[in-house]
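This briefing is meant for a reader who is meeting the structure for the first time. Please look over the sequence and the model shown here before turning to the notes.

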Amino acid sequence: MKRMLAARVLFALLTLVIISIVVFAATQALPGDAALVQLGKQATPAALESLRARMHLDQPLVSQYWLWLTDLLHGHLGNSLATNTSVGALIGGRVVNTLVLLIATGVIALPLATALGILTAIRRDRAADHTASVVMLVIVAIPEFVFCLLFVALFATNVLHVLPAVSLIDPDQPLFSQLSAFVLPVLTLVIVSLPYIARTVRACMLEALESDYVAMARLKGVPERQVIVKHALPAIAGPVFQVSAQTLAYLAGGIVVVETVFQFPGIGFAFVQGIQSRDLPVVQALALLLAAVYVILNSVADLGTVAMTPTLRKGAR
């Protein structure tokens, strides 16, 4: 396990280095002149040259990348070109908002999807199983933004009008007093994440129920409830942990769409705003942050699966 942990850490670091190169190259490839976007068409040539020098745009790309990476390693994310404030201070509150959004989604979606997957496996080929399969297939086929618009139409217009259509959050007020702003984004994320977890849990549960040790327990006369709780459920703990972590990793990237539609003040919406205004330090920092979360959660999923699965754990020794 120690060797595997060290290998995963090295692999994650290498992946982040490669991602940093891709992120930097992608931001540099954005169309237009970043300095001109910031200062406007009325800017003088001297002002443009001064800003380009401050942004290191007058240096070769390799030098620009090295300066950016060096600042990152020293914990300096740069200053926003739009507000001239520290990127860390600018996105700090947004990171907290997104983190609360993801935690709330996980707390609701993971138990619900796990229970749904187990129930459909136990009731295989019955009406509940077929109905759940059709509903989940429909959910998978519908993009996130469609659910956003649907929930706005149902809960934020003349139909019910009980929730805000736009998730405005006052940074000077505690988050627990503004929970209504989280309801529709959380509801959307829960709906879109349910099928992936539930279908994986169902498949793993069916495999466990058809295993030799479960068949032996049934032959010994063990009650079906104990067969499920004591024999089948422990066998699916590793896969369930893996798919849960991977789903959260997926949501960390897919949250951009949901936050943008609801104008939720999180890192996803800030990322889109940064691209629109060509605020390169903000875009680079948020893109690397989202990539780091994705890599870390996938690494945790792999290591957790090995730690919770006896056969895999023996193979890792």
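**A guided first look**

Lysine 230 counts as exposed because its relative accessibility is 58%, where exposed means over 50% relative accessible area, buried means under 20%, and partly exposed lies in between (1.4 Å probe, protein chains only). This is a predicted model, in which local features need pLDDT of at least 70 and side-chain atom pairs count only at pLDDT 80 or more, while totals for chains, interfaces and linings use all residues. Residues are numbered from 1 along each chain as its sequence is written, and side-chain values use heavy atoms, with hydrogens and water left out.

**Overall layout**

- The chain has 14 helices and zero strands, these being DSSP runs numbered from the N terminus (H or I of at least four residues for helices, E of at least two for strands).
- Of the 317 residues in the chain, 40% count as buried, and the C-alpha trace spans about 85 × 60 × 35 Å along its principal axes.
- When contacts between residues at least 6 apart in sequence are considered, 71% of them join residues at least 24 apart, a contact being heavy atoms within 4.5 Å.

**Nonpolar cores**

- A nonpolar core is a set of buried Ala, Val, Leu, Ile, Met, Phe, Trp, Tyr and Cys residues joined through side-chain atoms within 4.5 Å, and the largest one here has 43 residues, with Leu101, Met205 and Ile236 making the most contacts inside it.
- Two or more residues of this core come from each of α5 (87-122), α6 (127-141), α7 (144-155), α8 (180-209), α10 (224-235) and α11 (237-262), and the largest share, 17 residues, is supplied by α8.
- Isoleucine 236 is in contact with Ile118, Val201, Cys204, Met205 and Ala208, when its neighbours within four places in sequence are left aside.
- There is also a second, separate core of 20 residues, which includes Val23, Phe24, Trp68 and Leu288.

**Helix α7 against helix α8**

- The axes of α7 and α8 come within 10 Å and cross at roughly 135°, where axes are lines fitted to C-alpha atoms, for helices over the stretch in contact, and angles run from 0 to 180 degrees between N-to-C directions.
- That angle makes α7 oblique to α8, because angles under 35 degrees count as roughly parallel, over 145 as roughly antiparallel, 65 to 115 as roughly perpendicular and the rest as oblique.
- The crossing of α7 and α8 is right-handed, a term used if the near helix is turned clockwise from the far one by less than a right angle, with anticlockwise giving left-handed.
- From α7, the residues Glu144, Phe147, Cys148, Phe151, Val152 and Phe155 meet Leu184, Leu187, Thr188, Ile191 and Val192 of α8.
- By class, this contact of α7 with α8 has nine nonpolar, one polar and one charged residues, with Ala, Val, Leu, Ile, Met, Phe, Trp, Tyr, Cys and Pro counted as nonpolar, Asp, Glu, Lys and Arg as charged, and the others, Gly among them, as polar.
- Threonine 188, in helix α8, is buried with a relative accessible area of 0%, and among the residues that threonine 188 touches beyond four places away in sequence are Val258 and Phe262.

**Helix α1 against helix α4**

- Helix α1 (residues 2-28) and helix α4 (residues 61-73) have axes that come within 11 Å and cross at roughly 125°, which makes α1 oblique to α4, and the crossing is right-handed.
- Val17, Ser20, Ile21, Val23, Phe24 and Gln28 of α1 meet Leu61, Gln64, Tyr65 and Trp68 of α4, and the residues of this contact divide into seven nonpolar, three polar and no charged.

**Positive phi in two loops**

- Most residues other than glycine have a negative phi.
- Histidine 161, in the loop between α7 and α8, has a positive phi near 55° and counts as exposed at 57% relative accessibility.
- Glutamine 263, in the loop between α11 and α12 (267-276), likewise has a positive phi, of about 55°, and counts as partly exposed at 39% relative accessibility.
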